[in-house]
Amino acid sequence: MPRKSRFFLPGAPVHIVQRGHSRGPVFFASDDYANYAYWMRESAKIYGVSVHAFVLMTNHTHLLVTAQEAEGVSLFMQNVGRRYTPYSNRKYRKSGSVWEGRFKASLVQEEDYFLRVMVYIELNPVRAKMVDQPAQYTWSSYCHNAGIREISLVTPHRLYEALGKTDAVRQKTYIDLFGAEHGVDELN
């Protein structure tokens, strides 16, 4: 019996977490991350999804997205999975699902939690002790949101844009969120 489709509110931000099968690794080399990011960008265009923040960890992903249509989030994730799973299985001579079941998704209250979720996502490699600073991790949206380098996958959300009138002010204010105490751990 097919599983029920999930519908999300159009225009409402969603925090997505997807873990590797048995919490095992899903990315092994730089081209794995790069291909996954490419398929995210292409799928976002096809399904009208804006990616505001992301981190690709070795064994899971975190995304903060907004879809224009109710089915956009599901179709976006399905399309990325349909590209990445066969690629990974072929490359590493495996079979079956790369992922541990369906992705987990939570609606994010914009005014209260949106920026906190962005910070939480982009601090993931620091909490995992993979890097000392979020800017040191390549496979995250932090460098884009902090103004260090452009990442074409990332689309700013209105709450991020409201951090300042210019890019420089917005980016400085965003960076300051990482130095302040914002209860990020409570999102664990």
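Analyst: The account below starts with the chain as a whole, then turns to the ring pairs and the core.

The model is predicted. Its pLDDT averages 92 over the chain, and 91% of the residues score at least 70. The exception to note is residues 181-188, where pLDDT stays under 50 and the model has 15 contacts beyond four places in sequence. Where pLDDT is low, the predicted coordinates should not be read in detail.

The chain holds seven helices and four strands, in the order β-α-β-β-α-β-α-α-α-α-α from the N terminus on. Its radius of gyration is 16 Å, close to the 16 Å that the globule rule gives for 188 residues, so the chain is as compact as a globular protein of that length. Along the principal axes, the C-alpha atoms fill a box of roughly 50 × 35 × 30 Å. Of the 188 residues, 47% count as buried. Among contacts between residues at least 6 apart in sequence, 74% join residues at least 24 apart.

Now the rings. A pair of aromatic rings is described by the distance of the centres and the angle of the planes. Searching the whole structure gives 15 aromatic pairs. One of them joins Tyr84 and Trp99, with 6.3 Å from centre to centre and 45° between the planes, a tilted arrangement. Tyr84 belongs to helix 2 (residues 72-92), while Trp99 sits in the loop between helix 2 and strand 4 (104-107), so this pair ties together parts that are 15 residues apart in sequence. Tyr84 and Trp99 are both buried.

A second example is Tyr142 with Phe178: the ring centres are 4.9 Å apart and the planes stand at 80°, so the pair is edge-to-face. Here the partners come from helix 5 (residues 142-145) and helix 7 (residues 167-179) respectively, so the pair ties together parts that are 36 residues apart in sequence. Tyr142 has a relative accessible area of 7% and is buried; Phe178, at 16%, is buried as well.

Ring pairs also build a cluster, which links Phe27, Tyr33, Tyr36, Trp39, Tyr84, Tyr87, Trp99 and Trp139. The tilted pair of Tyr84 and Trp99 is thus found among residues of this cluster.

In soluble globular proteins, nonpolar side chains tend to be buried together.

Met40 shows what such a position looks like in detail. Neighbours within four places in sequence aside, Met40 is in contact with Phe54, Leu56, Leu63, Phe76, Val80 and Leu153.

Strand 2 (residues 49-56) has seven of its eight residues buried, so this strand is largely enclosed by the rest of the structure. Strand 2 pairs with strand 3 (residues 60-67) in the antiparallel sense over seven bridges, and a hairpin of three residues joins the two strands. Within this pairing, Val49 has Ala67 of strand 3 as its bridge partner.

Technical notes: Residues numbered from 1 in each chain as written. Heavy atoms only, no water. Phe/Tyr/Trp six-rings, centres within 6.5 Å; stacked < 30°, edge-to-face > 60°. Buried < 20%, exposed > 50% of the residue type's maximum accessible area, 1.4 Å probe, protein only. Pairing = 2+ DSSP bridges. Contact = heavy atoms within 4.5 Å. pLDDT = per-residue confidence, 0-100. Rg over C-alpha atoms; globule rule 2.2 N^0.38 Å.
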